[in-house]
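Hi,

Here is the model I promised to pass on. Have a look at it first, and then read my notes below.

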Amino acid sequence: FYAGPNMDLVSDESQALTITIKEGQVVEDINILTNDTLVTTSSSGGSGNVNEVEPNDSVSKAQSVIPPVAISGNAAKSDDGSIELASQDGQSLVISDLFKFTVGGTSTINALLTIENPDADLDLALFNGDATDIIESSSQLGSANELISLKLNPGNYILGIGAFKGSTKYKLEITLGGAPSLELSGPDSIILIPSGNNNISIKAQGSNFKKKTKCTAKDNSKGTLMLTPKSFNLGSGSPKKSIRVKVNPAAIPGLLETNEEKTFTIDVTCTNKASDQKDITIFPSLDTTISSKKNWQIIKRIRN
């Protein structure tokens, strides 16, 4: 839709600018400006399957897409970008691929980033429409899939991808609306206390669960962690559940003896295909504690 003088087209009809023409009147300088990228609409109402189109490394050149959409692209540590993020432990990340979209009404976004190269590490960030604020980020360790799932108000948004390590092909799938989704939140680490209660609680939050659905929690620690409960139900009346994560007392002496941090992944999967993962790092002592999760903040944004 036409949005005004010197403005790109928008996909949200509520942002359209109406041109009033009286009988016999000529209205000039109504120029239709499209983005560099042509976005086609599939039968599902979205862009369908598309390829990343360069350049898309700045806010002004962000590639426009219409969810549902599956974007195939490439990202590398050496790529340039106008947005740079920094974490609390001094690490940095350049956002090299930007994709903008519009949410017409309050809706749940599910953005899943799948990484092809097992030796690469990509991170995913959700920004507001002009990328002046980070709304949410996903920074799983290594080549694990990145997922952002949360409820959004109407407006314009940007999803950004940056390579923390290596180079890889990827697929970014963006959907809005009624698809069930799951989000795990809570502490990311446990600092061992030899004679204490070494446990934390994480929260499983379901969205768009229309009926009671069974969910199963598991981990890859081979007995180092103990999860309670391992099976539970989520539904519209009870959309969230606390999961207790405890270090097995039998494993504590060995963890203290090696004096090395260990990271394990908790995976919760529901029968309606909603799922999420969360990494938990065990630190043998306070002296070896480092921040393994990258809580990004914007340190550079070039206006162009």
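How many bridges pair strand β14 with strand β18, and in which sense, parallel or antiparallel? The answer is seven bridges in the antiparallel sense, between residues 199-207 of β14 and residues 240-247 of β18. Two strands count as paired if DSSP finds at least two bridges between them. One of the contacts to click on is Ile 200, whose bridge partner in β18 is Val 245.

Some ground rules before the rest. This is a predicted model, so local features need pLDDT of at least 70 and side-chain atom pairs count only at pLDDT 80 or more, while totals for chains, interfaces and linings use all residues. Residues are numbered from 1 along each chain as its sequence is written, and side-chain values use heavy atoms, with hydrogens and water left out.

**The overall picture**

Helices (H or I, at least four residues) and strands (E, at least two) are DSSP runs, numbered from the N terminus. Of the 304 residues in the chain, 41% are buried. By buried I mean under 20% relative accessible area; exposed is over 50%, and partly exposed is in between (1.4 Å probe, protein chains only). The chain's accessible surface is about 15,600 Å², and carbon and sulfur atoms own 48% of that. These areas come from the Shrake-Rupley method with a 1.4 Å probe, and for residues only the protein chains shown count as cover. Taking contacts with a separation of 6 or more, 67% are between residues 24 or more positions apart; a contact here is heavy atoms within 4.5 Å.

**Sheets and hairpin**

Back to β14 and β18: they belong to an open, antiparallel sheet of four strands, ordered β12-β14-β18-β16. At its edges are β12 (181-185) and β16, each with a single partner strand, so one side of each has no neighbour in the sheet. From one strand to the next, the twist averages 25 degrees (axes are lines fitted to C-alpha atoms, for helices over the stretch in contact, and angles run from 0 to 180 degrees between N-to-C directions).

Elsewhere, β15 and β19 run antiparallel and are joined by five bridges, with Asp 219 partnered by Ile 266 in β19. β19 also runs antiparallel to β20, this time with eight bridges; here Phe 264 has Ile 280 of β20 as its bridge partner. β19 and β20 make a hairpin with four residues between them, and Lys 273 in that turn has a positive phi of about 80 degrees. Lys 273 counts as exposed because its relative accessibility is 77%.

Lys 222 is another non-glycine residue with a positive phi, about 55 degrees. You'll find Lys 222 in the loop between β15 (213-219) and β16 (225-228), and at 85% relative accessibility it is exposed.

There are also cis peptide bonds to look at. One joins Glu 54 and Pro 55, with omega about -5 degrees, and Pro 55 sits in the loop between β1 (48-51) and β2 (63-64). Another runs from Pro 67 to Pro 68, with omega near 0 degrees; Pro 68 is in the loop between β2 and β3 (69-76).

Lys 278 is in strand β20 and Asp 188 in the loop between β12 and β13 (189-191), so the pair ties together parts that are 90 residues apart in sequence. Lys 278 is buried, at 8% relative accessibility, whereas Asp 188 is partly exposed, at 22%.

**On the surface**

Leu 9, Leu 17, Ile 19, Ile 21, Val 27, Ile 30 and Ile 32 make a nonpolar surface patch of about 540 Å². Patches take residues with over 30% relative accessible area and no salt bridge, joining like charges within 9 Å and nonpolar side chains (Val, Leu, Ile, Met, Phe, Trp, Tyr) within 5 Å. Leu 9 is in the segment before β1 and is partly exposed, with a relative accessible area of 33%.

Cheers

Definitions and conventions:
A salt bridge is a side-chain nitrogen of Lys or Arg within 4 Å of a carboxyl oxygen of Asp or Glu.
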